[in-house]
Structures are given as C-alpha cells and as structure tokens.
Amino acid sequence: MPVAVPPTLTPLSYSYVPETKEKLEWAELVTVDLGDIDTPEGKKRQAKVLIDALRIKGFFYVKNFNISQERVNRQFALGQAFYNLPLEEKLKYVPDLENGGYNGYRPAGRVVYDEASGLKDRVEVFNMPKFNGYFDQAYPQLIKDHIVEIEQFARALHSEVLDHLFVLLAIALELPEDYFVNLHKYEQKSEDHLRYMKYTKYTPDENKKIGNMWARGHTDLGSFTLLFRQPVAALQIKDHSDGQWRWVQPQEATITVNACDALTFLTGGYVKSTIHRVAAPPRDQQHVDRLGLLYFSRPVNDLKLETIKESPVLQREGYTKNDFEAGGYDVPTMEQWTFAKQKWQQSKGSYKDKENAVILPGFEGKYFE
C-alpha cells in the first residue's frame, strides 16, 4: 500500500546494476505461483510444486505475491541509505553478538577468510525484528523516519507470502491447512527479522586469495528465508540431487525462497535445509558491492523442535525422528536453537575455528565445500 514520505526527507531511490553477461551454470529451479491458490485444485497443484522443490532442490521462486515492485525498490533504497551512514553511527546499534544477539547492526571483519594475508569478511548486516511489541529495538533516525512503511512491508511478507507457503506445506504433509500458520503468527514472539545486507567488493587479486568465496556453504536456522531479486550474481546452492554447486539466477518479479533448519527438525529430515553460499560475482560484476533484502521466518520461540507426529506423510515415509531425537538428546525450543546457532555463526575467528564446534548437544556446526 502507498505510504506517504515525510516531507523533510530527501526522496530515496535505488538503481539496479545490469545483470551479468557471462555464461554461468544456473540451477534449474521451479516457481510456486501464488496466483493459483484460489481454489482447492490450485492449492493442491502448488503444494506439489512446493514439496518437490523442497525435497529435490531446496530453493524455489515465488511469483504473484501481491507486493509491488515499487515497495520492494523502496526497501532496497532504505538499505542503501542505511549503509551510507557513517560507521560510527551504525556502530551504536551493535547487539551482544558474542552471546547470540543479532537484532541491530553487525559490522564486517569478524571472520578471517585468508590467514596468510589477514583478509576478513566484508559483510555487513542490519536486522529489524518483528514490530509486534515484544522487541525494544533502537534505530537510527533514518529508520525511525520510515518505520511505518518498513513495518507494513514486513507484515505484508507474512500475509502475502509466508502464510500461503505455510498453507501449501501443510497440505503437502496432509496436515490441517493452518498448522504451520499457527506456528508462525506475526503477533506471537518469534525471532523473525527483516534484513538489509551488504557485501562490499574485493579486488580481483583479493578474490583469488579468499578462494573467490564471500560466504562459505551453510544452512539457515529458521523456516523459510525470503530473498528479493538482486541482479549481482553470487548466490549458489548445493543441489540436493547431485551435490553440485550451481548459481541461482535472479528472476524478474519473483522472490527466491529456501528451506531452513527448523523445518528439517519438524519434519524429521523430510524437508531438507538448503545448503547455499555466496561466491565472488562474475568478472563483469566484480566492480560493484552487493546489496541484499531478505526476510528470515522462524516458528514461535517456545515451540519444541520435535518431529511432527500428526503428519500421515511423515509417518508413511518413515521420517519420525530428527537428529536430536535419534541421538537421544534433549530437543531444543526454537528460541534455544536460534541463539545457540547465532552465537556459533557470529563468533570471531576463522572458518577452521568454528568447524565441528558443538552448537547444542547432538548438533555440530558445519560449513560446506
């Protein structure tokens, strides 16, 4: 919906860089069409598309999600404006990163990418939690001035995208349609957040030193991650079917979506958390920074991440225990899992320092080549 811009502010705009002209090995991903869910037959069709995507590829596109490109562009413009703020201003909003805090600003330079040269990550993150009364988050004036439209955008991602995906997932697992919706209601306390994310470029020589890799292979910790189209090619997925890394191509008027750890736990591994990484862009895009707009959805904090027993599909297929249950370990709540994995991810050091560290009893941290 249109939002009035405060008259005292300079109008925001954002220009997308041209797409790469290099021939890359693109992943063949399917598209979930939310314009086809007005009938029971349409829901059934799209539920099949969704569950096949989750089990075969892990990533998929979503189209016809009823959020205008103009609103998306505004969020990219706000993200760009935020990263143009002086570093000393951004540093006022750093949370307790060492203990898993993540809402606010995370500066670059916490992970050593190349020990020989000392090159570190150049990834900046700014996370904004749900606007539902549970989070007392401080913001710079730029964000305060636009907080109404930011909140409306975040809420629209729930009502226009996530709720529909959760209905389709429930149908695919032969559960009541509102099963996953009820675990992700916006009004309840959960660790969702809207993110502006910036990857600052390296020189070609620096890219060689860090193995042309801006972020190692990993999985996200929640339910679904929404990634808005951004034409700097860098995202790669590890295909579930053959284990090969392929590039994810930006598609007009779509959101790229991946499944995350919580859905893997809740389905006993039937839904696979998607392994993905961020590579150095192709040569014709290495001269620009990469700005991302993402939303991370997570179940309610007090949900115990046990395998869903009510799903006939999981029972028939034999997906009845997740890693914690199979190993006889205590099953964490979503809140416990969130802060444990965030603490591991955000700790300083090298990837080698973090590899195989115990996140919680029964689960070790892992990066993927």
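The stops below cover a recorded domain, a sheet and some ring contacts in this predicted model.

Stop 1: Select residues 32-128. An unreviewed UniProt entry lists this span as "domain: Non-haem dioxygenase N-terminal". The span is 37% helix and 23% strand. Its end C-alpha atoms lie 27 Å apart.

Stop 2: Select strands 5, 4 and 15. They form an open sheet in the order 5-4-15, and the pairing is mixed. Strand 5 (119-120) and strand 15 (349-350) are the edges; each has a single partner strand, so one side of each has no neighbour in the sheet. Now pick strand 4, residues 111-114. Strand 4 runs parallel to strand 15, with two bridges between them. Look for valine 111: opposite stands glycine 349 of strand 15.

**Stop 3: ring against ring.** The structure holds 27 aromatic pairs. Select tryptophan 337 and phenylalanine 363. How far apart are their ring centres? The distance is 4.9 Å, and the planes meet at 80°, so this pair is edge-to-face. Tryptophan 337 belongs to helix 11 (residues 334-346) and phenylalanine 363 to strand 17 (residues 363-364), so the pair ties together parts 26 residues apart in sequence. Buried or exposed? Both residues are buried.

**Stop 4: an aromatic cluster.** Select Phe82, Tyr83, Tyr105, Phe126, Phe131, Tyr139 and Tyr196. Together they make up one aromatic cluster.

**Stop 5: arginines over rings.** Select arginine 277 and tryptophan 245. The arginine lies over the ring face, 4.0 Å from the ring centre. Finish with arginine 229, which lies over the face of tyrosine 16 at 6.0 Å from the ring centre.

Key. Residues are numbered from 1 along each chain as its sequence is written. This is a predicted model: local features need pLDDT of at least 70, side-chain atom pairs count only at pLDDT 80 or more; totals for chains, interfaces and linings use all residues. Side-chain values use heavy atoms; hydrogens and water are left out. Two strands pair if DSSP finds at least two bridges between them. Helices (H or I, at least four residues) and strands (E, at least two) are DSSP runs, numbered from the N terminus. UniProt positions are given in the numbering used here, feature names are shortened, and annotations may be inferred rather than shown by experiment. Rings of Phe, Tyr and Trp (its six-membered ring) pair if their centres lie within 6.5 Å; planes under 30 degrees apart count as stacked, over 60 as edge-to-face and the rest as tilted. Buried means under 20% relative accessible area, exposed over 50%, partly exposed in between (1.4 Å probe, protein chains only). A charge sits over a ring if NZ of Lys or CZ of Arg is within 6 Å of the ring centre and within 35 degrees of the ring normal.
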